[in-house]
Amino acid sequence: MRTYRIAVIPGDGIGTEVIPPTLKALDRLASRGGFAFVHDELDWSCARYRATGAMMPADGLARIAGHDAILLGAVGWPDVPDHVSLWGLLIPIRRQFRQYVNLRPIKVLPGLPGPLRDPSTVDLVIVRENVEGEYSEIGGRQNRGFPDELAVQQAVFTRAGVTRVADYAFELARARGGRLTSATKSNGIVHTMPFWDEIVRERAAGFPDVTWRQEHIDALAAKLVLRPGDFDVIVASNLFGDILSDLAAALAGSIGVAPAANLNPEREFPSMFEPVHGSAPDIAGKGIANPLGALWSAAMMLDHLGRPESAAELLHAIETVLADGTTRTPDLGGTASTDDFADAVLAALPR
Ligand code: GGG
């Protein structure tokens, strides 16, 4: 029997609440599908940072480099600066394991209440560049505490980095029916964004069957709200992709429902699956977090591991519970707890 070794990092806040029911669902699907999971649960988190001064052990990445996948809950807590928690855990994993594609599908599942008049038109995928761009270590601060204090942050865009993410997005657009939008801001950002545009245009020549266009990020954000049906695959830099995917998740009803896959497409390293939402300190500990984003991320992990039937079963069970409408967490206007929703999904899985 095939056994998949998964590094499980519940992390902080509601991450620790949405991951346990997700593991339960994964085990149920595995036993039905004739495979198994070994979960190696890791305490890498802000709590660990407080206790030891590090979000993860010094050899942490080496310990999980041989795993089949990583399942992560959420990272961040108010008593640890956000840049410390993010750069101490999530970003090293993405970079060391060459997870240069962050795939964020946004779809309005049946029964999801959302702010749009016609939510049925929302079915798109954001391909976020995940290891370079505006998230950079290059820069510094000077003259701290003086009136002329300054901070400089250097964005880094490489030909190889833009090329590979653009190619991934064009391939995906081709597979989904042939429409791609590239997010830019080359009117205001005069070096990196024209460079991004040039490379996307060059790569487009290899995909004559894909209709593509570029949009400035500000106009794109507005159009996404007004006419989401105009978009299919959107490729964006690290920061633009992060912002757009939260916006698009809100259009789909709640940021609690959105999944993400941090992919190493070459499969030289494990890929990481995580809900888009963060640790949500405002609701953490109340047992009311929506586990849908984590469950959907687990479905993406099953797909990645070559178990598309199990992924489809999990998505179908989620859709069944949403369509029924009686079990919804408060972010979707209901009163169900995290476990109520997860138990309903388990009950809707085929026996
Ligand atoms: N589950 C995802 C999570 O905890 N995200 C925290 C966060 O701030 N992420 C920023 C990013 O993805 O760049």
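## Aspartate 167

Aspartate 167 sits in helix H5, residues 159-176; helices (H or I, at least four residues) and strands (E, at least two) are DSSP runs, numbered from the N terminus. The model is predicted: local features need pLDDT of at least 70 and side-chain atom pairs pLDDT 80 or more, while totals for chains, interfaces and linings use all residues. Residues are numbered from 1 along each chain as its sequence is written, and side-chain values use heavy atoms, without hydrogens and water.

With a relative accessible area of 19%, aspartate 167 is buried (buried is under 20%, exposed over 50%, partly exposed in between; 1.4 Å probe, protein chains only). Not counting residues up to four places away in sequence, aspartate 167 touches Arg203 and Phe207 (contact: heavy atoms within 4.5 Å).

## Aromatic pairs

There are seven aromatic pairs, defined for rings of Phe, Tyr and Trp (its six-membered ring) with centres within 6.5 Å; planes under 30 degrees apart are stacked, over 60 edge-to-face and the rest tilted. Phenylalanine 97 and phenylalanine 269 are stacked, at 5.8 Å centre to centre and 25° between the planes. Phenylalanine 97 lies in the loop between H4 and S4 and phenylalanine 269 in the loop between S11 and S12, so this pair ties together parts 172 residues apart in sequence. Phenylalanine 97 is buried at 1% relative accessible area, whereas phenylalanine 269 is partly exposed at 29%.

Phenylalanine 157 and tryptophan 196 form an edge-to-face pair, 6.2 Å centre to centre with 90° between the planes. Both phenylalanine 157 and tryptophan 196 are buried.
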